[in-house]
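Okay, thanks for making time, everyone. I'd like to walk you through one structure today, strand by strand and helix by helix. Let me put it up on the screen.

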Amino acid sequence: MKPNIIVTILMLLCIAIIRFGRDATMANNQVAAKTCVANNSPLLIAKEYTEYTNPMYYYHHSGLFLPLSQIKRDVDQEKGIFWLKKEINLTDSLTTGNYVLSFDNLTYVNLTLIDAKGEIVYKKKAGLFRKRKELDPRDGRDHFVLNLEAGNPYTILPRVKHSKGYTPLYNFHLQTELDYIKKKQRSRTVHAFMEGAIIVLLLYMALAWMVSRYRPYIWIFLFLLSIGMYSVALQNFFVDFIFYDSPQLGWSMVSLFSRFAAISFYLLTIDFLQLRRLHTRYYKVACYIIATIGLTAVVTFVNNFYFVNYKQSNWVNITLGIIHMLYFSNLFISLWKKIDLMQRFLAYGSVFFVTGITAMVYCALTLQEQAIQYVSMLTQFFALCITMLLLIGIRLKLRKNELDYHQSTESIVLERTNELKKANNALYEQQIQLLQKNRYIETLIDEVNHRVKNNLQLLYSLGSLYKTGENHGAQYNQAIQSMQDRIHAMMLVNQLLVYNQNSQLKLKTLVIETVNYLRQMHDPEKKVWINVDIEQDWLISTNTSIPLALIITELLTNSYKYAFPKGIINTPVINLRIIKKMFVTTMHFEDNGVGASEAVLSTSFGIGLVKDLTRQIKGTVTIQQERGFQYIFEFNNMI
């Protein structure tokens with residue numbers, strides 16, 4: 001729905017409500033005129049003398065009374081105590097029963113009802129400032145319930161003390177209890193409808209704030225809550241329920257709620273319009289007005305509670321209302337082109353705000369204290385209209401923020417997607433380059449491995465050819481075989497590396513392959529029993545595998561060549577065991593051969609090579625020769 005249509009509907013609703021309110025007011029006035037106790041005979045009034053407070057004195061001295069129309073409304077009436085006198089007689093059309101004598105806004109009323117015999121029938125107390133315990137259970141603050149008999153004349157003597165600063169209005173009305181209840185029920189139904197709508201909107205705003213965390217919801221919530229409390233505080237049950245022992249304090253609280261509502265509306269204006277950035281001068285003026293409202297709230301509360309001068313406080317309210325009208329009129333006329341569509345809903349709400357203030361100022365100037373009975377409904381109606389407009393504006397604002405957020409998010413996502421595409425393209429090109437480099441490196445490695453393998457094979461083959469050539473003696477052949485064993489150990493490591501395509505080898509596989517080769521070369525008949533004990537097939541690095549393979553080759557070669565001379569050892573055995581403990585790897589190698597002397601150990605090329613290779617891989621070796629040779633190797637972090 002377009003904003004102009006919404007505003008038009010609300011304005012038409014406002015006109016309809018005003019017309020309905022005018023008709024209701026006229027109907028109420030007609031009922032009041034019919035039920036006024038001054039219809040048949042004038043209401044008489046007399047000022048109380050300090051020394052005479054007994055109602056029977058004034059009942060018997062009728063000469064003290066004058067018609068109410070002849071009494072001039074002056075300051076004396078606003079502070080003095082007056083007695084009213086009126087004779088009533090129920091017509092034949094009325095039946096005996098309960099009747100209600102009601103009045104408007106009087107603070108202290110003592111009623112004395114005297115029958116035709118001059119006897120007192122009722123003595124009751126009422127009034128806005130009366131404590132609840134002083135009232136009869138069936139009476140209210142603004143009415144008395146009387147049981148009257150048809151055809152019997154009565155004289156009513158109300159003693160009135162009005163202490164609110166206004167000239168008292170002696171508009172007493174007498175009607176049946178049923179008619180009074182119907183009249184009150186109509187107004188209470190309207191109040192209940194308005195208050196129900198306010199409660200529903202308050203719940204909606206509380207939930208909306210919890211979901212969105214949008215701060216203007218707080219100000220609207222406080223504004224509507226203050227208006228609702230203001231309307232409730234104008235009704236008698238608020239004082240009866242909370243301030244039953246101090247009603248004057250309860251009535252003084254009314255002005256605080258209205259001030260708090262005005263402050264909330266100004267804070268909403270500042271926040272929703274971003275007034276500090278939009279226009280600094282109007283922002284400062286709004287801050288000054290908020291401070292003024294807060295100061296007048298304290299002043300009017302003190303004035304009402306301690307000095308009981310509601311009339312003076314009413315002039316303060318009128319002055320503030322004029323200030324509100326001037327400020328908001330100038331604000332939105334000046335900034336209309338600078339604010340967006342959503343913020344203009346605040347302007348529409350301000351139109352209702354100013355309209356409501358204008359209506360209340362008009363009522364306050366023309367009706368004075370009687371305006372209270374209309375102000376409650378007016379504030380509730382205009383507050384509901386303002387709240388609905390503001391909620392529409394905030395909803396549109398949030399929707400716009402959401403769309404802007406989605407658009408910005410989409411643009412960020414699109415920009416990020418483009419960046420990712422560029423990055424992916426760059427990564428793809430780098431990946432292609434890396435693949436090309438990997439292929440080149442693999443080719444080089446294959447070539448290197450092939451050449452290493454060929455060279456080692458060439459050396460190995462040359463040794464084989466040399467052994468099968470001319471007879472050079474057994475000593476030379478043994479040296480050549482030792483060289484071939486070492487070459488084969490390196491060939492085996494190279495072969496396993498190429499096969500695994502990794503920088504690590506399996507230890508158990510390496511040891512078994514080395515043992516099998518050396519057994520095939522030196523013990524094809526398998527006369528020597530070899531025990532290999534390795535718990536797991538651990539992985540070892542290339543830097544460790546070649547020295548370790550050479551160490552095992554040297555140890556097995558020496559054992560085959562020197563440990564088992566023919567006919568000396570019946571059951572030759574070689575044990576090889578590798579154990580891993582925490583950070584140390586231990587290798588045990590032992591045979592049950594003939595051993596060797598210390599001189600041989602110190603001059604042996606093979607044992608010297610074993611020690612050098614052990615130091616190369618950061619290990620230690622211990623050699624024992626009690627019943628053969630026993631080597632104990634300890635390597636740190638080999639596995």
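So, start with β15 and β16 (residues 630–636): these two strands run antiparallel and are joined by six bridges. When I say two strands pair, I mean DSSP finds at least two bridges between them.

Quick housekeeping before I go on. This is a predicted model, where local features need pLDDT of at least 70 and side-chain atom pairs count only at pLDDT 80 or more, while totals for chains, interfaces and linings use all residues. Residues are numbered from 1 along each chain as its sequence is written, and side-chain values use heavy atoms, with hydrogens and water left out.

Back to the sheet. What is the order of its strands? Reading across, it goes β11-β13-β14-β16-β15, five strands in an open sheet with mixed pairing. The edges are β11 (529–534) and β15 (619–624), and each has a single partner strand, so one side of each is left without a neighbour in the sheet. From one strand to the next, the twist averages 10 degrees.

Now look at β14 (584–591). Its pairing with β13 is antiparallel, over eight bridges, and its pairing with β16 is antiparallel too, over seven bridges. Val584 in β14 is the bridge partner of Lys581, and Thr585 stands opposite Phe635 in β16. Is β14 enclosed or open? Six of its eight residues are buried, so β14 is largely enclosed by the rest of the structure. Buried, for me, is under 20% relative accessible area, exposed is over 50%, and partly exposed is in between, using a 1.4 Å probe and protein chains only.

What lies across this sheet? Helix α15 lies across β11, β13 (573–581), β14 and β16, running at about 15 degrees to β14. Helix α17 (residues 605–616) lies across β15 and β16, at about 150 degrees to β15. For those angles, axes are lines fitted to C-alpha atoms, for helices over the stretch in contact, and the range is 0 to 180 degrees between N-to-C directions. Contact itself means heavy atoms within 4.5 Å. As for α15 (residues 542–563), its 22 residues reach 31 Å from first C-alpha to last, close to the 32 Å expected at 1.5 Å a residue. That expected span is 1.5 Å times one less than the number of residues. α15 is also mostly covered, with 17 of its 22 residues buried.

Let's do the same check on α9 (residues 280–306): its 27 residues should span 39 Å at 1.5 Å a residue, and the end C-alpha atoms are 39 Å apart, which agrees. Its buried residues, including Tyr282, Ile289, Ile293 and Phe301, pack against α7 (247–273), α8 (275–278) and α10 (310–335). After α9 comes Val308, with a positive phi near 50 degrees.

Over to the other sheet I wanted to show. Six strands, in the order β2-β1-β3-β8-β5-β6, form an open antiparallel sheet. β2 (66–67) and β6 (120–126) are at its edges with a single partner each, so one side of each has no neighbour in the sheet. β1 (residues 44–47) and β3 (residues 81–89) run antiparallel and are joined by four bridges, with Phe82 in β3 as the bridge partner of Lys47.

A few single residues, then. His191 lies in helix α4 (residues 177–212), and at 9% relative accessibility it counts as buried. Setting aside neighbours within four places in sequence, His191 is in contact with Gln235, Ser376, Met377 and Gln380. Cys363 is buried at 11% relative accessible area, and Cys385 is buried at 1%. How many disulfides does the whole structure have? The search finds zero, a disulfide being a pair of cysteine sulfur atoms within 2.5 Å.

Last, the chain overall. It has 17 helices and 16 strands, and buried residues make up 43% of its 639 residues.
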